[in-house]
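Subject: Structure handover

Hello,

The structure is below, followed by notes on what was found in it. Please keep it open while you read.

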Amino acid sequence: MRLSKFKTKIVSTVLAAAFVVSLLPGRSMAQDQAPPSFSPDQLDHLVSRVALYPDPLLAQVLAAATFPDQIPDAARWADQHHYLRGAELANAINEDRLPFDPSVQAVLPFPSVLDMMASDMNWTSDIGNAFLSDRQDVMDAVQRMRQRARDFGYLRSNGQIVVSGGPYIEIAPANPAFIPVPYYDPLVVYARPRAGFFVGGAIGFGYGVTIGTFFRPWGWGYSRFDWRGHGYYVNDRPWGRSWGNRGVYVHEYHGVQRWDAGRRAEGHELVGRNEHERNAWREGRGREEEHDHGHGHDRRP
């Protein structure tokens with residue numbers, strides 16, 4: 001009987017200690033998980049849908065993907081506020097006290113990109129985790145896919161983007177203030193074209209968003225890759241978030257307030273995109289600007 005009480009006491013002590021450890025800052029069961037591992041082929045597949053994005057947009061998307069739990073709500077907010085742009089949009093992001101990390105807020109001007117991420121959360125989580133666990137391998141995979149698309153003639157400079165000659169391929173917007181969002185089929189642009197296929201039409205650049213100085217606090221104009229040295233800079237500072245410190249690392253953003261989940265009530269009209277608008281980018285039908293120039297949503301049939 002005494003032995004049984006002794007064992008019970010030991011178990012209770014161990015459980016209490018485990019509970020205390022779980023409350024320590026930066027500690028959780030998830031933090032102790034081993035980092036995920038992806039083969040080169042898996043990484044090639046993961047990055048294929050975004051590898052041809054201009055570098056500034058790709059940099060912001062990869063940072064945002066490391067917060068996958070925030071993407072669905074961010075996509076919903078972006079969809080409902082798609083009619084705002086420029087200073088109005090930047091002010092709305094601040095005024096609504098959004099509880100998203102600034103890296104997620106940085107993608108709010110791109111509702112279609114966030115919609116793509118939210119519609120495939122397995123992909124978003126995987127590419128975010130891959131970027132946290134081995135950023136160098138992810139960057140190498142991006143370069144491999146860009147090399148394929150360029151070798152087959154699909155990826156080349158045009159009126160929307162400037163493609164560098166290599167050996168490390170950079171993709172820059174032709175107009176730094178206008179970020180085009182390419183539309184393409186990964187099954188097409190990374191494979192040898194069949195005879196007679198017009199490679200010039202495989203990547204569409206009908207969509208794009210004007211990013212002005214209003215979005216400087218979120219790193220636009222100051223986020224980039226050092227492809228040769230595997231460096232990655234967000235808001236002009238080295239990005240230090242990794243798998244091991246993901247629960248405690250806080251990247252520096254000047255001028256962006258971080259809010260908890262208890263933000264104030266919505267202060268703007270909610271106007272969700274209609275299906276015509278949502279499908280335009282998915283189907284490669286171009287528009288000069290993703291945000292409407294009028295008050296409401298696109299009412300074309």
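In helix 7, the residues P111, S112, V113, L114, D115, M116 and M117 are buried, where buried stands for under 20% relative accessible area, exposed for over 50% and partly exposed for the range in between (1.4 Å probe, protein chains only). Seven of the nine residues of helix 7 are buried, so the helix is mostly covered. Helices here are DSSP runs of H or I with at least four residues, strands are DSSP runs of E with at least two, and both are numbered from the N terminus.

The model is predicted: local features need pLDDT of at least 70, side-chain atom pairs count only at pLDDT 80 or more, and totals for chains, interfaces and linings use all residues. Residues are numbered from 1 along each chain as its sequence is written, and side-chain values use heavy atoms, with hydrogens and water left out.

Helix 7 and helix 8

Helix 7 (residues 111–119) packs on helix 8 at an angle of about 95°, and their axes are 5 Å apart. The axes are lines fitted to C-alpha atoms, for helices over the stretch in contact, and angles run from 0 to 180 degrees between N-to-C directions. Helix 7 is therefore roughly perpendicular to helix 8; angles of 65 to 115 degrees get that label, those under 35 count as roughly parallel, those over 145 as roughly antiparallel and the rest as oblique. M116, M117, A118 and S119 of helix 7 make the contact with M121, W123 and T124 of helix 8, contact being heavy atoms within 4.5 Å. Five of the residues in this contact are nonpolar, two are polar and none is charged. In this classification Ala, Val, Leu, Ile, Met, Phe, Trp, Tyr, Cys and Pro are nonpolar, Asp, Glu, Lys and Arg are charged, and the others, Gly among them, are polar.

The whole chain

The protein chain has 11 helices and seven strands. Of its 301 residues, 43% count as buried. Among contacts in the chain with a separation of 6 or more, 74% are between residues 24 or more positions apart.

The largest pocket

The largest pocket holds about 220 Å³ of space. A pocket is an open set of points on a 1 Å grid over the protein atoms alone, with protein on both sides within 12 Å along at least five of seven lines; a 1.4 Å probe fits at the points, and lining residues have an atom within 4 Å of a point. Grid points are joined across faces, edges and corners, and the volume is the space filled by probe spheres set on the points. There are 13 lining residues, and H45, L46, S48, R49 and P186 are the closest to the centre of the pocket. Helix 2 (40–47), helix 8 (121–133) and helix 10 (186–189) each supply at least two residues of the lining. By class, the lining has six nonpolar, three polar and four charged residues.

Individual residues

For the contacts below, neighbours within four places in sequence are left aside.

F38 sits in the loop between helix 1 (2–23) and helix 2. Its contacts are L43, L46, D126 and A130. F38 and A130 are 92 residues apart along the chain, with 7.1 Å between their C-alpha atoms.

V50 is in the loop between helix 2 and helix 3 and is buried, at 1% relative accessible area. V50 is in contact with L58, M116, W123, I127 and Y184.

Q60, in helix 3 (residues 55–65), is buried with a relative accessible area of 0%. Its contacts are S103, A106, V107, W218, G219, W220, S223 and V234.

P193 belongs to the loop between helix 10 and strand 4 (204–210). P193 is partly exposed, at 25% relative accessible area, and touches F152, Y154 and V199. From P193 to Y154 the C-alpha distance is 9.0 Å, at 39 residues apart in sequence.

Positive phi

Most residues other than glycine have a negative phi. H230, in the loop between strand 5 (224–226) and strand 6 (231–234), has a positive phi near 60°. D236, in the loop between strand 6 and strand 7 (237–238), has a positive phi near 65° and is partly exposed at 41% relative accessibility.

Regards
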